[in-house]
Amino acid sequence: LPIFLCVSGTLAVIIGAFKDNKVQIDLQEGIVSGYSPDVEFLTSPKESTNDRCTSQAVIKVDLSGKYRSVSLYLEYGETPKQWTLDISDSATGNGYGGDNGTTGNMAEVHICNKQLRIYGNNLPGYMDASENGGLLMKVVDNFVKKGAKVNVNISDESVEWSRGRKHGHLKSEYLFTLNGQKPSYGSVDYNIYIAFNRVVAGAYRNGSGLCKATILLQDTPDISGMQRPVNLCSQGLHNCSTDAICIDLRRTGRKPYKCKCKSGFYGNGIICYDVDECATENGGCVHKCENQPGNYSCSCMEGFQLSEDGHNCEDIDECKQSQRLCDQLCINTQGSYVCSCKPGYYLSPDGRTCTADSKCHRAFGCAQICRPMTQGHHCACLKGYRLHPNRRDCILTCAKGNGGCQHRCKDTELGPECRCVSKYNLGGDKKSCIASCKVNKGGCQKQCIDTKTGPKCTCPSGYKLHTDKKSCLDIDECADGGGGCSDNCVNTHGSYECTCPKGFKTLSDLKTCTDIDECSIPSTCDHICINTPGSFHCKCRPGYENYGITHCADVNECTNNIGGCEQGCENTEGSFKCKCKEGYRLHPNQKDCMRADVCIRLKTPAKAQLLCQNVGDTNMCILRCNSNAHFTSDASRTDYTFICNKETKYEWSHNNKTYVVLPSCSDAVLPPGFKRKAVFLMMTAEKCRLKKHTTDNFKENLLQTLHKKKRYKCTKLCHVQNVSLQCGTKRRRFRQTLSKQKTYITAEFEIEVAPKAPTESCNINCTRKKTERRLKKTIKRLRRSINKEKFSVIFENIQYGVRKRSFKAARTLMTCRKGNILVNQECISCSIGTYHDVEKDICVPCSHGKYQDMEGQTECKNCPNQAEGKGVLGAKNISDCAGLCSRGYFADDGLEPCQPCPIGTYQTDIGRTKCIPCGRSIKTRGVASTSFQDCIVKTICGPGHFYDVESESCKDCPIGFYQSESSQNFCIPCPGDTTTDGGNSKNSSDCKNRKCGGYIGLLRGRLESPNYPGDYPNNVNCTWFIKPGKGRRILIIIPEIFLRAEDKCGDQLVMRKSKSAFSLQTHVTCVSTERPQAYVARSRNLWITFKTDQKNTGAGFSIPYVTYNEEYQDLMEDIVTDGQLYKPYQHQQLFKNRYLLSILLDVIAQPIKFYFYANVSKTLVPESFFKLLQPKVTKFFD
């Protein structure tokens, strides 16, 4: 007898008196009723402490016995919030479609807020079923609400759901494998885990609103139990034809049913007409076709039988079926047979028996029958034959065994002519018919080729033919030489892919790996990017410190021992300044302070003389260059007079200008060169196409033209440089006279003439004038040749004529070669101790730690075996490199000779005038100590701590500081606005930027976890809000994401409609994945939150998004939900390449641009990517 159960307020009829298949859970009262040995409570419900439905339960269902599916009937008494249902293949299902690798066939269904979300497993091929490139397979929005009664059914590889008239079904091999899984995917598992008002893995992710749940185990899937409209089809309450079927449409929420004519009939379902299949190509029958109501059947002529396909006819071998057909010999023929006799016998007119030798046959030669007549004889033929015109032989007709034809037979004068029906080819014997590839694809699995002997099966590239000659087997290209891959080879069905280690990419041949130059993208590093094989690293400019791998921020040097300043310190962007108290001023070492009323001792420059004397309270020095030497600042000047007194604030001054470094002298003087900028227009009948090498080619050919012809006066001392070529011209007078068949190329360049060496007969002044005249003549004669249309340039194998009167030249400029500066129309070499700053065109003293012992140089040499910054400013030789006091030493002026720091003091810097005391009478291990680490203290402090001299104990570095060394008395501040997650930090990598969130771009932008690409900080709560313009929607792409899920998903990223935690969700995750994913936002606006806890950290994410016109919504969903978008390795790399990803975003924002990129980007973007997108884009625009 049936048992009537009240389920979710409705009446469900369950056939069969099972008492062990139903369990009910009241999640408000905490009561369980019913029993099943296959249901085990892992967490039992408890009575809610309030009137709300907040109790939780977790059960394990074993489907290895007589029950093979489970139906859940859920009743919501309140608005559902967060996770109210979680069904998982694994005991560690976390509500995000993951279980940390506990099982290999993980699948999960959950209800979170109002959404039903279905996740599949990651077994081979799962990408084909993916909706986003990950495990997500289906999302149903607004599935539940307050007071809803819903049903979810789980069976092998199947999920069904219903609420009222809203029904759905998803069947896939990537869902729950409840009939057991392949051993290669892990141990066989028949269990599912179900959590109510929480996730299976733990109560750390929970919800409320589900009040009652009924678990019903069944031997077959069923979602009956929910109250639905009457099934008019099953009750016969419909008006469908008897030749139609009635289809129940209650799930769609539209009309209750529809009628559909059965196969073999046509019509509207209410009236159905029989289809006469025989009227079209004889129904595919090769002989006879008989139409029947709703069907048809094939039959064969006598002598043939129906083949297995039910359409073709095959010959019957009558001779084998019966040995009594013929008296002596039986010969089978197509569609019949022929009896024959042994030698000495002749076939009787009955065509079967044989008679002894006949005089009639011998005398008249009849082929078959010979009848003696009173006046001679008469030859005759057996039935189905006709007599030949020679009156002796017999010709077979179509009446005998279909003329020996397998299909069609036509009688002709010469005998039967055989033909085949459609899709068959005539065999070599001209009688039998061979099925072509059009018949069941020739039985081939992949490809079929018609041959004379019949269909031949072949396989596409990447497959080989099986021994059965029909099916195809995948070729493992990787097993034989690695498929030609330079690194890794991954076999796929019918093909293979070459993959590269991280930091590398494949070239256009898709086989060879090459380094990715991350530095080619300007935004990779804040300051300096250094590419390395497979990676890169960022370097900051002096005064800045690296954080978050790629970022740089100002270092506040003043927080560390006041920047090493003696008295005061002021931080500046990228640097700092030391300050002194009143009555003091900075020492030249820029750190120590000295009395404000003392003049600094001057140092004599190279190739100069310095005469100093005191005149009262004024110090005065006269600087002169040696004979034959000149000042590099003013060659005509013979001396400089410097004074230092109270009026100059005790700074050395000349003509009210303060000098820290004195002018330098050089005895190398050269004549200048001359240059002029010029421009002309070249004409061509070809389309203007300028490539990168075109400019170099033009420069080389123009120079050759000027050198070869003496009339231009342009010898080897003449050079062409700074060439620029552009298509077209801005000069109106030439644009207006240009014909449509020609185009202009504008050529801009410089012609420079270098000077010859001066001689006794022609000094520097003479040489200068000659050089200037030579350039003037070159320009004049070049202009004359162009105006007479006698000048052309040949490059790229094309001769370009120069447009008449298009030549223009700018004014003449004097130049000096590098290492020299122009002073009073002469080129003077930068002196020793200095170098030529080419950009500023001045001579600059060598910085500390560098020297220069030669004139006319563009850079200084490093001092050997010295730390950076050691040595005097403007060092002229290696001896000057040791001019400053070393670390652990001091002197009154910071210059050698120096004294060692006494016991109890140390000095970490160079060129200092004092040493730093350890404090509180603490001693050092000896003299010349270079660090506080040399101070003998009571305890040694490890990294992350510092020694507090006052308390004589170790203390933790506070938040925002770190210390990587032991035995230090200070902690280093984090750069810029970065800080640490807590105290006791030991490394600069602990410094993290916590800034995040805010309103971001209307059209496109990027979401980045704080401190990206470095590890994100603990305890952050970031919120971004995307509100696109009117009529636009949002698409999110996640190239990769790194979150730590070990702490029960304490770090999570959520994308939803609004700030309400219960609003419509687009994406939720707390796990890492390197596989790209993409989402079309399920709401017009997006509210994105990223929360972290205090336990773990990870690299985080950089997620681009783009908005698009909502007219493209169908196209976007078609692209994004296609698993092939994410499956190939080459596509995955495209998502991770910022430049290529920008192309994809551009196409999404404006899909019509697809055709542009498809033509110009094939060397950058995999061809398979365009093949995937092209039919989708073309179909949409068509």
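**Entry 1: α7 against α8**

I began with a helix pair. Leu1134, Phe1135 and Lys1136 in α7 meet Arg1138, Leu1140, Leu1141 and Leu1144 in α8; I counted a contact as heavy atoms within 4.5 Å. Sorted by kind, the residues of this contact are five nonpolar, no polar and two charged. Here nonpolar means Ala, Val, Leu, Ile, Met, Phe, Trp, Tyr, Cys or Pro, charged means Asp, Glu, Lys or Arg, and the others, Gly among them, are polar.

A note on the source: this is a predicted model, where local features need pLDDT of at least 70, side-chain atom pairs count only at pLDDT 80 or more, and totals for chains, interfaces and linings use all residues. Residues are numbered from 1 along each chain as its sequence is written, and side-chain values use heavy atoms, with hydrogens and water left out.

Next I looked up the geometry. Two packed helices are described by the angle between their axes and the distance between the axes. Helix α7 covers residues 1129–1136 and helix α8 covers residues 1138–1149. Helices (H or I, at least four residues) and strands (E, at least two) are DSSP runs, numbered from the N terminus. The two axes come within 5 Å and cross at roughly 95 degrees. Each axis is a line fitted to C-alpha atoms, for helices over the stretch in contact, and angles run from 0 to 180 degrees between N-to-C directions. α7 and α8 are therefore roughly perpendicular to each other. That label covers 65 to 115 degrees; under 35 is roughly parallel, over 145 roughly antiparallel, and the rest oblique.

**Entry 2: is α7 buried or exposed?**

Buried means under 20% relative accessible area, exposed means over 50%, and partly exposed lies in between (1.4 Å probe, protein chains only). The buried residues are Tyr1129, Gln1130, His1131, Gln1132, Leu1134 and Phe1135. What covers them? I found that the cover includes β41 (495–499), β42 (504–506), β84 (1032–1038), α8 and α10 (1167–1181).

**Entry 3: a hairpin**

I moved on to strands β28 (residues 369–373) and β29 (residues 376–380), which pair in the antiparallel sense over five bridges. Pairing needs at least two DSSP bridges between the strands. With two residues between them, β28 and β29 form a hairpin.

**Entry 4: salt bridges**

Side chains of opposite charge can pair when their charged atoms come close. The rule I used asks for a side-chain nitrogen of Lys or Arg within 4 Å of a carboxyl oxygen of Asp or Glu. How many salt bridges does this rule give? The count comes to 28.

I looked at Asp909 and Lys591, whose side chains meet at 2.4 Å, N to O. This pair links distant parts of the chain, 318 residues apart. Asp909 is in the loop between β75 (905–906) and β76 (916–917), and Lys591 is in the loop between β50 (584–586) and β51 (593–595). Asp909 counts as buried, at 16% relative accessibility. I also found a network of salt bridges that links Lys591, Asp592, Asp909 and Arg912.

Then I took Asp639 and Arg624, which meet in a salt bridge at 3.9 Å, N to O. Asp639 sits in strand β55 (residues 639–644) and Arg624 in strand β53 (residues 618–625), 15 residues apart. Asp639 is partly exposed at 24%. Arg624 is partly exposed at 36%.

Lys861 and Asp853 also form a salt bridge, at 3.0 Å, N to O. Lys861 is partly exposed at 31%, and Asp853 is partly exposed at 36%.

**Entry 5: single residues**

I looked up Thr778 in helix α5 (residues 764–787). Thr778 is buried, with a relative accessible area of 0%. Leaving out residues up to four places away in sequence, Thr778 touches Tyr712, Lys713 and Cys714.

I noted two cis peptide bonds. One joins Glu896 and Pro897, with omega about 5 degrees. Pro897 is in the loop between β73 (889–890) and β74 (899–900). Another joins Tyr1012 and Pro1013, with omega about 5 degrees. Pro1013 is in the loop between β82 (1004–1008) and β83 (1021–1026).

Last, I checked phi. Asn113 has a positive phi near 55 degrees, in the loop between β8 (108–112) and β9 (115–119). Asn113 is buried, at 1%. Asn440 has a positive phi near 55 degrees, in the loop between β35 (433–435) and β36 (447–451). Asn440 counts as exposed, at 66% relative accessibility.
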